[in-house]
Amino acid sequence: MTARPKAYTDEDLATIIEGLKDRQGRALTVIPAAQINQGMIVAKQAIKSAVITPSACAALATSNAQVPDGATYAAGQSVSAADHTATVITAISVEDPAQLAGQAKQSADALAQCSTFTMEISDQTVTTQVRQLSEVTRGDRSVGSLIIQTLPTGQKQTTLTVTGVKGNLGATAVKTGATVTTDSAAELVELVNSVLG
C-alpha cells in the first residue's frame with residue numbers, strides 16, 4: 001500500500017507563502033482564498049466567452065483559471081513600484097498527484113505547439129506571443145513561459161511564468177509588467193522551490 005501524500009489545508013499553504021520574500025527582501029502579502037476565488041470566477045467567465053485561435057492554444061489562455069475541484073490553495077504577491085511589476089506566487093495542493101502532473105503536461109504540450117495565438121473577447125482582439133522556457137525547479141515537472149500580449153490599444157503586457165509540481169503540491173510564480181524579461185526567471189524558480197521545499 002502506498003502512503004497517502006501529505007494533505008495541505010489552505011492555512012498550511014498560506015503559512016508557507018507568509019514565509020516567502022521577494023528579490024528585494026520584502027515579505028509577500030498573502031491574498032485571501034475568497035479573493036482568489038472571486039478572481040477565478042471572473043477569469044473563467046471571460047474565457048468562456050472568448051474565441052481562441054488556434055483552439056489548441058486554449059490550455060495556455062485558461063491555465064490561470066484552472067484549479068481542480070477540491071484543491072486547497074493560497075497565494076501571495078509583491079508589487080514593485082520602481083519597475084511597475086507585480087509578482088504572484090500560488091501554492092496548490094490536490095488529493096491526486098496525477099491531476100497536477102496532467103495539468104503541467106497539458107501546459108507544456110500547448111507551449112510546444114503555440115508560438116502565437118489570438119483571443120477575441122467581446123469584439124476586442126488580444127494577440128499573444130508565447131515562448132517556452134527551459135527553467136527547471138525542484139519539482140518532478142517544471143514548465144516555464146514568457147507571454148507577450150498586445151492589447152487592442154497597442155499596449156503590451158508581458159507575463160513570465162514558472163511552475164513546478166512535486167507530488168500533490170504545485171507552485172506557480174508569475175511576474176507581470178511591461179518591462180518583464182526572462183532575466184527574472186531565476187527569481188521565480190527560487191520562489192517555486194521555496195514552496196516545494
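This is a predicted model: local features need pLDDT of at least 70, side-chain atom pairs count only at pLDDT 80 or more; totals for chains, interfaces and linings use all residues.
Helices (H or I, at least four residues) and strands (E, at least two) are DSSP runs, and they are numbered from the N terminus. Residues are numbered from 1 along each chain as its sequence is written, and side-chain values use heavy atoms, with hydrogens and water left out.

Back to Ser122. Its phi is positive, about 35°, although it is not a glycine. At 63% relative accessibility it counts as exposed (exposed means over 50% relative accessible area, buried under 20%, and partly exposed in between, with a 1.4 Å probe and protein chains only). His84 is another non-glycine residue with a positive phi, near 50°. You'll find His84 in the loop between S3 and strand S4 (85–93), and it is exposed too, with a relative accessible area of 65%.

One more loop deserves a stop. Pro54 sits in the loop between strand S2 (51–53) and H3, and a cis peptide bond joins Thr53 to Pro54, with omega at about -10°.

Now for the helices. Ile36, Met40 and Ile47 are buried in H2. Looking down the axis of H2, the buried residues fall within an arc of 35°, so they line one face of the helix (the arc is that of the directions from the helix axis to the C-beta atoms). On the other side of H2, Ala34 and Val42 are exposed. H5 (residues 185–196) is mostly covered, with 9 of its 12 residues buried, including Leu188, Val192 and Leu196.

Ile36 also turns up in the largest nonpolar core, which has 25 residues; Ile36, Ile52, Leu60, Tyr73, Phe117 and Val130 have the most contacts inside it. A nonpolar core here is a set of buried Ala, Val, Leu, Ile, Met, Phe, Trp, Tyr and Cys residues joined through side-chain atoms within 4.5 Å. The elements giving two or more residues to this core are H2, helix H3 (58–62), strand S3 (72–80), helix H4 (97–113), strand S5 (116–121) and S7. H4 gives the largest share, 4 residues.

Next, follow the strands. S7 (residues 141–150) and S8 pair in the antiparallel sense over 10 bridges (strands pair if DSSP finds at least two bridges between them), and Ile148 stands opposite Thr158 in S8. These two strands form a hairpin with 5 residues between them, and Gly154 in the turn has a positive phi of about 95°. On from there, S8 pairs with strand S9 (residues 169–177), again antiparallel, over 9 bridges. That hairpin has 2 residues between its strands, and Gly167 in its turn has a positive phi of about 65°.

How enclosed is S8? Of the 11 residues in S8 (residues 156–166), 8 are buried, so the strand is largely enclosed by the rest of the structure. Leu160 belongs to S8 and is buried, at 0% relative accessible area. The C-alpha atoms of Leu160 and Thr182 are 7.0 Å apart, although 22 residues separate them along the chain.
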